[in-house]
Amino acid sequence: EIEDPRARFRVAAAARIGEVVEGTFDRVLCNAAFWQFPSLEEAVRAVAGILDPGGLFVFNLPVSRLAGGDVSGGGLQTALARAVEEGSGEPFRTRTVEVDPGRLEEVLISAEFSSPDRTRWTIPTTEGEVLELLRLPTMIGRIAPDLDPEARRRVLERVEESVDRDRSTEVEWEIWSQTLTA
């Protein structure tokens with residue numbers, strides 16, 4: 001819980017954020033969701049619409065979701081890829097959400113943001129913690145969008161049987177920060 005009266009939290013579709021907040025802000029933060037928005041262009045324009053000139057927009061993207069990023073990973077990702085392929089009959093790689101960093105930078109600049117400062121950040125975790133995140137419908141839904149909820153549950157059961165929940169792993173993120181120049 002944040003008790004600072006300057007911090008405000010609202011939940012809305014990213015493209016409609018301007019409809020649920022009043023006024024403008026000097027900072028907008030989007031943690032672990034940006035790559036999942038149906039239209040990054042609409043989300044960026046909406047953020048620009050609620051940000052003060054000179055305001056800062058910060059979001060993060062898993063490196064595995066960047067076009068050209070490493071999606072091979074370790075034991076958990078291998079087990080997930082196999083389980084999704086078995087459940088869907090399609091290759092895992094074709095089912096991942098990818099963000100083209102060059103295109104995203106163009107979108108940001110066209111919305112009058114500065115060229116982004118991009119920083120890599122590696123988070124130590126366990127395969128069990130990553131598996132728990134995958135249980136969120138939005139996470140597994142993006143990885144296996146054509147599987148019904150029961151098939152997704154079976155995929156995650158197969159993954160759990162194949163991994164060591166206590167095994168250490170790392171998740172690499174890229175943090176983007178840019179200033180609204182207008």
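These legends walk through a few views of one predicted chain, from the whole fold down to single residues.

The model is predicted, so to speak from the record: local features need pLDDT of at least 70, side-chain atom pairs count only at pLDDT 80 or more, and totals for chains, interfaces and linings use all residues. Residues are numbered from 1 along each chain as its sequence is written, and side-chain values use heavy atoms, with hydrogens and water left out.

**View 1. The whole chain, from end to end.**
Here you get 6 helices and 4 strands, in the order β-α-β-α-α-β-α-α-α-β along the sequence. Helices (H or I, at least four residues) and strands (E, at least two) are DSSP runs, numbered from the N terminus. The C-alpha trace spans about 50 × 35 × 30 Å along its principal axes. Of the 182 residues, 40% are buried; buried means under 20% relative accessible area, with a 1.4 Å probe and protein chains only.

**View 2. The largest nonpolar core.**
This core has 29 residues, and F34, F57, F59, L61, L104, L108 and F113 have the most contacts inside it. Two or more residues each come from β1 (25-30), α1 (40-50), β2 (51-62), α3 (101-110) and β4 (168-179), with α1 giving the most, 7 residues. Another core, of 17 residues, lies apart from it and includes L80, V84, V130 and I143. A nonpolar core here is a set of buried Ala, Val, Leu, Ile, Met, Phe, Trp, Tyr and Cys residues joined through side-chain atoms within 4.5 Å. In soluble globular proteins, nonpolar side chains tend to be buried together.

**View 3. Helix α1 and what it packs against.**
Look along α1 for its buried residues: L40, A43, V44, A46, V47, A48 and I50. The buried residues of α1 pack against β1, β2 and α3.

**View 4. A close look at F57.**
Setting aside neighbours within four places in sequence, F57 is in contact (heavy atoms within 4.5 Å) with V28, C30, F34, V47, L51, L108, F113, W176, S177 and Q178.

**View 5. N60, a buried residue in a strand.**
N60 sits in strand β2 and counts as buried because its relative accessibility is 6%. A polar atom of its side chain lies 2.6 Å from the backbone nitrogen of A32. Beyond its neighbours within four places in sequence, N60 is in contact with C30, N31, A32, F34, W35, W173, E174 and I175.

Conventions. Buried < 20%, exposed > 50% of the residue type's maximum accessible area, 1.4 Å probe, protein only. Polar contact = N/O pair within 3.5 Å; in protein donor to acceptor, adjacent residues only side chain to side chain.
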